[in-house]
Amino acid sequence: MSAVVEHIDYKALYEAALQTNQQLLQRNQELQGQLYQLQAQLHQLTKLLGGYKSERFIAPSLSDQQTSLDLLFEQTAEATRLVDVQKKTVYVTKKPEEKRSVRVFPAHLRVDETVIEPTEDVSHCKKIGEEVSDRLDWQPGELFINRTIRYKYACPVAGKAGEVRIVIADKPVHAIEKSIAAEGLLAQLIIDKYVDHAPLNRQRERFKRLGVALSDSTLADLVRQSAELMKPLGEALLKEMRQYGYWHGDETGIKVLDRKKKKDTHNGFFWVYQAGNAPLVYYDYQPGRGREGPTNMLADFRGFLQVDGYGVYDQFDKREHITILYCMAHARRKFFESLANDEGRAQYALIAIKKLYDIEAYCREHQLSVDQIKEKRQAEAVPILIELGDWMKEQYPQVAPKSDIGTALAYSIKRWEKLSLYTSHGHLQIDNNGVERSVRPVAIGRRNYLFCGSHEAAKRTGLLYSLLVTCKLNEVNPYNWL
């Protein structure tokens, strides 16, 4: 009986197993990346549900690293030493009670006085003083009628017996002729909506409580006409901004009603530009987030443009007269969001970035000149940036690319040269936080009025934000200015 020996190709089996192993390793890496993403999303959702969005980071110090047991030993030793000291009577002198500070209110406030006399008869007594207490009080805003009376006179015509001519004063000039609203009411409508974020329907209800019925369409028309009157001011503001060669750029969305979309709103955008070395800001509304808006706005711009790394701005870096630099706060935010993913690496980056911000704080506190700021940045900030940049390049191959820490490292490595560019000049800023603060009024406003009624209404909204936020930057009372 002959035995049949089957030939086994071990080399082929090995190669097949090796290929399968590579596929499993790749699949495992993909799943690990998805896990990191899901963990990050869960972390962000947990923060949102808790209402916590702060990006505050406190670097661990040497005192934080000392254990509570060491502290306990130190406290126990100190207590034992005090017990061994010869006992003696200690008299504690009670501090005199501080006198209650007198409230000082602004002198322009109207004072309503109420005098209260004792209930018993004091007609035979001599007054020796009084006790006065002041409290701030409030009453609802007052609507009143601004009535203009022009007297008419019949004056005899010289040289013509029996003939008279009518003499009457000229009509005063108003912002909106033949309108129900005077200038004070127009100003308040705009302030309530665009500064205090009260939509027109809430204002309508407030007027109703005061006994005056004004429809939503009437209020909207008054705001529209007021904004139309201020278009030349918006053009003058933009012309003033163009004199400065350093701008910040940012963008934020706004819902807009569009007749072409019957069941949904259109997603428009305010492109916000703020002068880096002047209290001026301009909101340019565009129907989309494409390059058309900034291309037109920055056609004649010359100088530095600081942005958040959005790809639309990359085209401007190719122009000879525009220099792009990026925002360090955005890079920092990526590392802050990766704390839950890789605390060690994230903390290392955050501590280094904090040192950069400490340098900026020192420059502000000591009111250094532009030349002094540049000198300090070159001496202290540049070495930190070089070391941190090299560290990030070393760490990136060791982390999962799709993890939070991998995303943070990739974001900064790609943009590090332009993130560090601020150190080459003393008048540039480390981040875009100024223009981001100017975006907040829009973010708060749209939570209240929800959308703009049309693309034209959105343009007017951008104009009003431009003027009113510029008032805020210059510490000008917007009501008085309007």
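Helix H11 (residues 370-395) packs with helix H12 (residues 404-419) at an angle of about 130°, their axes 10 Å apart. H11 is therefore oblique to H12, since angles under 35 degrees count as roughly parallel, over 145 as roughly antiparallel, 65 to 115 as roughly perpendicular and the rest as oblique. On the H11 side, the contact (heavy atoms within 4.5 Å) includes Leu385, Leu388 and Trp391, and on the H12 side it includes Leu409, Ile413 and Trp416.

This is a predicted model, in which local features need pLDDT of at least 70 and side-chain atom pairs count only at pLDDT 80 or more, while totals for chains, interfaces and linings use all residues. Residues are numbered from 1 along each chain as its sequence is written, and side-chain values use heavy atoms, with hydrogens and water left out.

I turn now to the aromatic rings. How many aromatic pairs does the count come to? The count is 11, where rings of Phe, Tyr and Trp (its six-membered ring) pair if their centres lie within 6.5 Å; planes under 30 degrees apart are stacked, over 60 edge-to-face and the rest tilted.

Tryptophan 247 and phenylalanine 301 form a tilted pair, 4.8 Å centre to centre with 40° between the planes. Tryptophan 247 lies in strand S3 and phenylalanine 301 in the loop between helix H8 and strand S6, 54 residues apart.

Key. Axes are lines fitted to C-alpha atoms, for helices over the stretch in contact, and angles run from 0 to 180 degrees between N-to-C directions. Helices (H or I, at least four residues) and strands (E, at least two) are DSSP runs, numbered from the N terminus.
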